[in-house]
Amino acid sequence: MGIFTESIEVARATDGMPLRVKCRGRDYRLVAEPQRWFERRKWWDENLRIPRGIGAGIADYEMWRLQLVAVRGSQEVHSVDVSFDAQTQRWRLVRVHQTLARSA
């Protein structure tokens, strides 16, 4: 598994669920329902002042685990974790897990 951060493009449904990903010039589609959770950012290290009562989207990152396959080319399933920053509206590729075997 690799851990890093790289900007990516994510197309979302109206309910906010990721639908498609563009990364390193390649298009990917989801092959399983995404899983979502939140991780606390180290706002105290970033010297952010967060007003009382406003934590969601500022103190927490929205994280998603996605199972992706390239639209063209290899049909290997890639499992990745991506984050969404509500303040900047940016998506980041955070972790790439081992490639998964495609079930028959």
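Strands here are DSSP runs of E at least two residues long, numbered from the N terminus. One of them is β6 (residues 78-85), and Ser79 is found in it. You're looking at a predicted model, where local features need pLDDT of at least 70, side-chain atom pairs count only at pLDDT 80 or more, and totals for chains, interfaces and linings use all residues. Residues are numbered from 1 along each chain as its sequence is written, and side-chain values use heavy atoms, with hydrogens and water left out.

**Ser79**
- Ser79 has a relative accessible area of 6%, so it counts as buried (under 20%, with a 1.4 Å probe and protein chains only).
- Its side chain makes a polar contact with the side chain of Gln67 at 3.2 Å; for such a contact, N or O atoms lie within 3.5 Å, one able to donate a hydrogen and the other to accept it.

**Rings**
- There is one aromatic pair, counted when ring centres of Phe, Tyr or Trp (its six-membered ring) lie within 6.5 Å.
- Phe84 and Trp91 have ring centres 4.9 Å apart and planes at 40°, so the pair is tilted (under 30 degrees would be stacked, over 60 edge-to-face).
- Both Phe84 and Trp91 are buried.
- Arg12 puts its charged end over the ring of Phe84, 4.4 Å from the centre; the rule asks for CZ of Arg within 6 Å of the ring centre and within 35 degrees of the ring normal.

**Contacts of Leu68**
- Leaving out residues up to four places away in sequence, Leu68 touches several residues, including Val21, Tyr28 and Val80, with contact meaning heavy atoms within 4.5 Å.

Definitions and conventions. Buried < 20%, exposed > 50% of the residue type's maximum accessible area, 1.4 Å probe, protein only. Helix = DSSP H or I, 4+ residues; strand = E, 2+ residues; numbered from the N terminus.
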